[in-house]
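Here is a short report on a protein model, written for reading beside the structure. Start with the terms, then follow the helices.

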Amino acid sequence: MSEPKLTIEQVAELISSVSQASRSQEARQAGLINGGWYSTEDVAALIGVDPSTLRRWRTSKPMQGPPFVRLTSRITVYSVPDVQAWMESRRIVPGEAA
């Protein structure tokens with residue numbers, strides 16, 4: 001059985017997609033480091049809930065709420081880009097919702 005052969009264009013497209021995925025991951029990592037951080041209280045105020053709600057979401061099964069980073073057992077922070085992405089994922093545009 002012969003193996004399928006790729007054209008030059010297909011190889012170039014594969015290289016391009018791998019390169020884009022790598023750049024996308026680098027951008028996400030840079031956003032995590034340079035994008036700023038919120039405390040639990042900051043996020044709670046931003047979305048209009050009590051900080052205890054976020055704490056409960058973090059310990060629920062399955063976990064809920066925006067992604068977080070637990071720095072210590074007492075310090076949890078939220079990346080600004082992660083909170084923005086989480087909020088955007090819950091955005092409902094009237095007329096488009098079905």
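## Terms and basis

Buried means under 20% relative accessible area, exposed means over 50%, and partly exposed lies in between, using a 1.4 Å probe and protein chains only. This is a predicted model, in which local features need pLDDT of at least 70, side-chain atom pairs count only at pLDDT 80 or more, and totals for chains, interfaces and linings use all residues. Residues are numbered from 1 along each chain as its sequence is written, and side-chain values use heavy atoms, with hydrogens and water left out.

## Overall layout

The protein has four helices and three strands. Helices (H or I, at least four residues) and strands (E, at least two) are DSSP runs, numbered from the N terminus. Along the sequence the order is α-β-α-α-β-β-α.

Of the 98 residues, 18% count as buried. Contact means heavy atoms within 4.5 Å. Among contacts with a separation of 6 or more, 43% come from residues 24 or more positions apart.

## Helix 3 and its cover

Helix 3 spans residues 51-59. Its buried residues are Pro-51, Thr-53, Leu-54, Trp-57 and Arg-58. They sit on the same side of helix 3 because they cover an arc of only 155° around the axis. The arc is taken from the directions from the helix axis to the C-beta atoms.

Several elements cover these buried residues. They include helix 2 (40-47), strand 2 (69-70), strand 3 (76-79) and helix 4 (80-89).

## Helix 4 and its two sides

In helix 4, Val-80, Val-83 and Trp-86 are buried. Their arc around the axis is only 130°, which puts them on the same side of helix 4. Glu-88 and Ser-89 are exposed on the other side of the helix. The cover over the buried residues of helix 4 includes strand 1 (37-39), helix 2, helix 3 and strand 3.

## The tryptophan pair

A pair of aromatic rings is described by the distance of the centres and the angle of the planes. Rings of Phe, Tyr and Trp (its six-membered ring) pair if their centres lie within 6.5 Å; planes under 30 degrees apart count as stacked, over 60 as edge-to-face, and the rest as tilted. A search of the whole structure finds two such pairs.

One of them joins Trp-57 and Trp-86. The pair is tilted, with 6.1 Å centre to centre and 50° between the planes. Trp-57 belongs to helix 3 and Trp-86 to helix 4, so the pair links distant parts of the chain, 29 residues apart. Both Trp-57 and Trp-86 are buried.

## A salt bridge is a side-chain nitrogen of Lys or Arg within 4 Å of a carboxyl oxygen of Asp or Glu.

Arg-58 lies over the face of Phe-68, at 5.9 Å from the ring centre. For this, NZ of Lys or CZ of Arg must be within 6 Å of the ring centre and within 35 degrees of the ring normal. Not counting residues up to four places away in sequence, Arg-58 touches Thr-40, Met-63, Gln-64, Phe-68, Arg-70, Thr-76 and Tyr-78.

## The salt bridge

The salt bridge count comes to one. Glu-41 pairs with Arg-55, and their closest N and O atoms are 3.1 Å apart. Glu-41 lies in helix 2 and Arg-55 in helix 3, so the pair ties together parts that are 14 residues apart in sequence. Glu-41 is partly exposed, at 42% relative accessible area. Arg-55 is also partly exposed, at 38%.
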